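Try each task before you read its solution.

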Amino acid sequence: MLSRAVRPAARAGAQALRPTAAAPSMTASASANYATLREIEDRLKSIRNIEKITKTMKIVASTKLTRAQRAMTESRSYGQTSNQVFDEAETKVTDAEGKKQLLVICSSDKGLCGGIHSGLSRATRKLFNEPNANYDLVIVGEKCKAQLSRSSPKSIKLSFSNFGKDIPTFADASAIADQVTLIANSGDYAGVKIMYNKFVNAQSYEPTIIDAFSAEAIAASPNFSNFEVDDSILGNLQEYALANGLFWALAEGHACEQSARRNAMDNASKNAGDMINRFQILFNRTRQAVITGELVEIITGAAASEE
């Protein structure tokens with residue numbers, strides 16, 4: 001036990017020792033601030049790298065979009081010519097009870113292009129929810145296949161991959177049409193429909209369906225006899241019209257994909273720029289706080305040494 005005379009001196013000594021004891025805690029705080037500065041600096045570096053990548057992808061997509069639009073314009077002449085023939089022949093889809101419709105969905109294997117593939121999947125699910133809907137699916141591209149495999153796995157009869165890496169060609173469409181024709185001519189299907197993304201403009205697109213008529217529907221057309229087509233080549237005409245429609249759908253879908261990817265990368269670059277600005281402000285404020293803390297420590301130490 002300390003005597004009453006010693007206690008005031010002990011208090012004074014404790015007060016004198018307080019600045020010295022507080023110094024380690026200030027040093028620990030400064031170390032924590034330095035760590036925070038390093039973390040912010042690393043985050044800024046990673047965001048700047050992401051911004052460089054998205055800007056580069058935007059430039060690449062813009063370059064590919066020009067070529068894709070040119071190919072889309074050329075492919076439309078194929079599909080529109082077939083449609084003009086069937087319009088003049090007044091061809092209609094045959095209503096066969098108990099038979100399904102074969103739906104060909106034209107997507108791609110690549111992502112980073114917004115919700116362009118999700119739009120096709122939503123449109124497909126909407127078709128399945130309609131009354132008396134009876135469809136089997138042929139899917140071009142891994143993206144829609146992965147999405148529709150969760151909702152309608154039993155309806156997928158055939159799928160294609162490694163298409164759409166470059167501008168689609170008529171040879172690609174013919175290869176797909178050969179396999180689709182084998183399934184469609186099995187006798188279980190009343191007709192074939194093709195779903196693709198229609199290019200409205202550089203900012204918008206919409207899922208669209210075109211009919212690929214069966215040989216029976218073409219032969220039953222009221223005005224088809226005006227074209228003087230032999231019945232022996234009717235199957236070839238049907239397969240050629242299907243290839244035309246697929247070529248049109250693939251080329252237009254490819255243009256939509258490049259447009260959507262350019263828009264997505266543009267938005268990503270803008271978001272990265274906003275994040276860089278916010279983190280730069282945070283970095284400056286944190287650095288200023290560290291400098292201020294160090295100055296406080298220096299002044300406190302100088303004041304304590306003078307005493």
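**Exercise 1. Find out whether Lys100 is buried, partly exposed or exposed.**

Solution. Start with the cut-offs: buried means under 20% relative accessible area, exposed over 50%, and partly exposed in between (1.4 Å probe, protein chains only). Lys100 has 28% relative accessibility, so Lys100 counts as partly exposed.

Before going on, a word on the model: it is predicted, so local features need pLDDT of at least 70 and side-chain atom pairs count only at pLDDT 80 or more, while totals for chains, interfaces and linings use all residues. Residues are numbered from 1 along each chain as its sequence is written, and side-chain values use heavy atoms, with hydrogens and water left out.

**Exercise 2. Work out which residue pairs with Lys100 in a salt bridge, and where the two partners lie.**

Solution. Step one is the rule: a salt bridge is a side-chain nitrogen of Lys or Arg within 4 Å of a carboxyl oxygen of Asp or Glu. Step two is the partner: Asp136 has its closest N and O atoms 3.4 Å from those of Lys100. Step three is the location: Asp136 lies in strand β2 (residues 135-140) and Lys100 in strand β1 (residues 100-106), so the pair ties together parts 36 residues apart in sequence. Strands here are DSSP runs (E, at least two residues), as helices are (H or I, at least four), numbered from the N terminus. Finally, Asp136 counts as buried because its relative accessibility is 4%.

**Exercise 3. Compare where the partners sit in the salt bridges Glu252 with Arg76 and Arg261 with Glu257.**

Solution. Take Glu252 and Arg76 to begin with: their side chains meet at 3.0 Å, N to O. Glu252 is in helix α6 and Arg76 in helix α1 (residues 7-89), 176 residues apart, so this pair links distant parts of the chain. Glu252 is buried, with a relative accessible area of 1%, while Arg76 is partly exposed at 24%. Now turn to Arg261 and Glu257, whose closest N and O atoms are 2.9 Å apart. Both lie in helix α6, four residues apart, about one turn of the helix. Arg261 is buried at 8%, and Glu257 is buried at 2%.

**Exercise 4. Describe how helix α4 packs against helix α6.**

Solution. Begin with the geometry: α4 (residues 170-184) and α6 (residues 234-306) pack at about 125 degrees, with their axes 8 Å apart. Axes are lines fitted to C-alpha atoms, for helices over the stretch in contact, and angles run from 0 to 180 degrees between N-to-C directions. Next, classify the angle: under 35 degrees is roughly parallel, over 145 roughly antiparallel, 65 to 115 roughly perpendicular and the rest oblique. That makes α4 oblique to α6.
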